[in-house]
Amino acid sequence: MKTIKNALCRLLQARWAVAFWVDGRLMVVGNPYRDRWFADPFIVDADDKTITLLVEDFSLQTLKGSISELTIDRATWKICQRRPVLEEPLQLSFPYIVRREGDWVWFMPESSRANRLSLYCYNRADGSCRRERDLVAVDLSDSILLDGYVLATQGEGLNGDTLHLYRKQGENYVASQPFVFKERVARNAGAVFEHQGKRYRPAQVCNEWYGEALSIQEVTGEAGRWTMAEVRRLTPPPGFEGLHTLNTYNDLWVTDLKYYPHPWLSKWAYVMMGRTDL
């Protein structure tokens, strides 16, 4: 029974593709791997020829995500190299980059099924990756840092309206007053970025289903008592069913796009099961 269920998941489950905004239009990155898809892209570095990303690397064989480094050829907009960075027994995704320093990259991936948020250090020179320390011993999803706080959704409400805050206190983080929205737009969709002197938080819109759109929210106010007001909502382009991350670095903008390899079959199956997504 488990084998049949896994086969159906591989056939019907939504997949994701990395894409960049290039000259005002979305350029979908070519994926040469038939056994995996990539999502949650964060930009590590870029030059005139290539762009380096940390991504969720989802295997269609194990039906589990890990963290990999991808190199994108800017001439062809195709993946030209993949290097595994971090794999654990449970699902990993959303490799939020905390700091870059030469060949060293510090990041904290989503590892909610392990009931912890941990900081890792990755050495791009030799490919080694070590776990530095645990930050919060809670099942947090898609965590980011802002003004000394960890911001994340949590538990069964990971796609809901409550953004949980953890304030830095010494070497640890302690729970603070959460931020509650009027819609299901709490889940982070990338790092907070600055544009023309203002700060913005990209968030996932999950009113109807996971990854249906992006909410770009202007962040104002004092740390821990911010106001987050939507200024723009981004919907997927024709041919795609969703998008759920947005990140920027050195004038580059990267996102990911949701699609189904067999869209009509998937939608029929979802109706039969009374679901909107797998």
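Modeller: Start with cover: buried means under 20% relative accessible area, exposed over 50%, and partly exposed in between, with a 1.4 Å probe and protein chains only. A strand is a DSSP run of E with at least two residues, a helix a run of H or I with at least four, and both are numbered from the N terminus. This is a predicted model, where local features need pLDDT of at least 70, side-chain atom pairs count only at pLDDT 80 or more, and totals for chains, interfaces and linings use all residues. Residues are numbered from 1 along each chain as its sequence is written, and side-chain values use heavy atoms, with hydrogens and water left out.

Biologist: What makes strand β12 mostly covered?

Modeller: Strand β12 spans residues 149-154, and five of its six residues are buried. Across the protein, 48% of the 278 residues count as buried.

Biologist: How do you know that β11 and β12 pair?

Modeller: Two strands pair if DSSP finds at least two bridges between them. β11 (residues 140-146) and β12 have five, in the antiparallel sense, so they pass the rule.

Biologist: What joins β12 to β13?

Modeller: Four bridges, with the strands antiparallel. β13 covers residues 162-169. There, Arg-167 stands opposite Tyr-149.

Biologist: Why is the contact of Asp-57 and Arg-36 called a salt bridge?

Modeller: The term asks for a side-chain nitrogen of Lys or Arg within 4 Å of a carboxyl oxygen of Asp or Glu. Here the N to O value is 2.7 Å, so the pair qualifies. Asp-57 lies in strand β4 (residues 50-59) and Arg-36 in strand β3 (residues 36-46), so the pair ties together parts that are 21 residues apart in sequence.

Biologist: Are those two residues buried or exposed?

Modeller: Asp-57 is buried, at 0% relative accessible area. Arg-36 counts as buried too, at 14%.

Biologist: What makes Glu-101 and Arg-99 partly exposed?

Modeller: Glu-101 has 44% relative accessibility, and Arg-99 has 38%. Both values fall between the two cut-offs, so the label follows. Their salt bridge has its closest N and O atoms 2.5 Å apart.

Biologist: Which label do Glu-132 and Arg-130 get?

Modeller: Glu-132 is partly exposed at 34%, and Arg-130 is partly exposed at 41%. Their side chains meet in a salt bridge at 2.5 Å, N to O. Elsewhere, salt bridges that share partners join Asp-35, Arg-36, Asp-57 and Arg-82 into one network.

Biologist: How many salt bridges are there in the whole structure?

Modeller: The search finds 15.

Biologist: What is the order of the open four-stranded sheet?

Modeller: The order is β2-β1-β21-β20, with antiparallel pairing.

Biologist: Why are β2 and β20 called edge strands?

Modeller: β2 (25-28) and β20 (242-249) each pair on one side only. For β20, six bridges join it to β21 (residues 252-259), running antiparallel. Tyr-249 stands opposite Leu-252 in β21.

Biologist: How many helices and strands does the protein have?

Modeller: Two helices and 21 strands.
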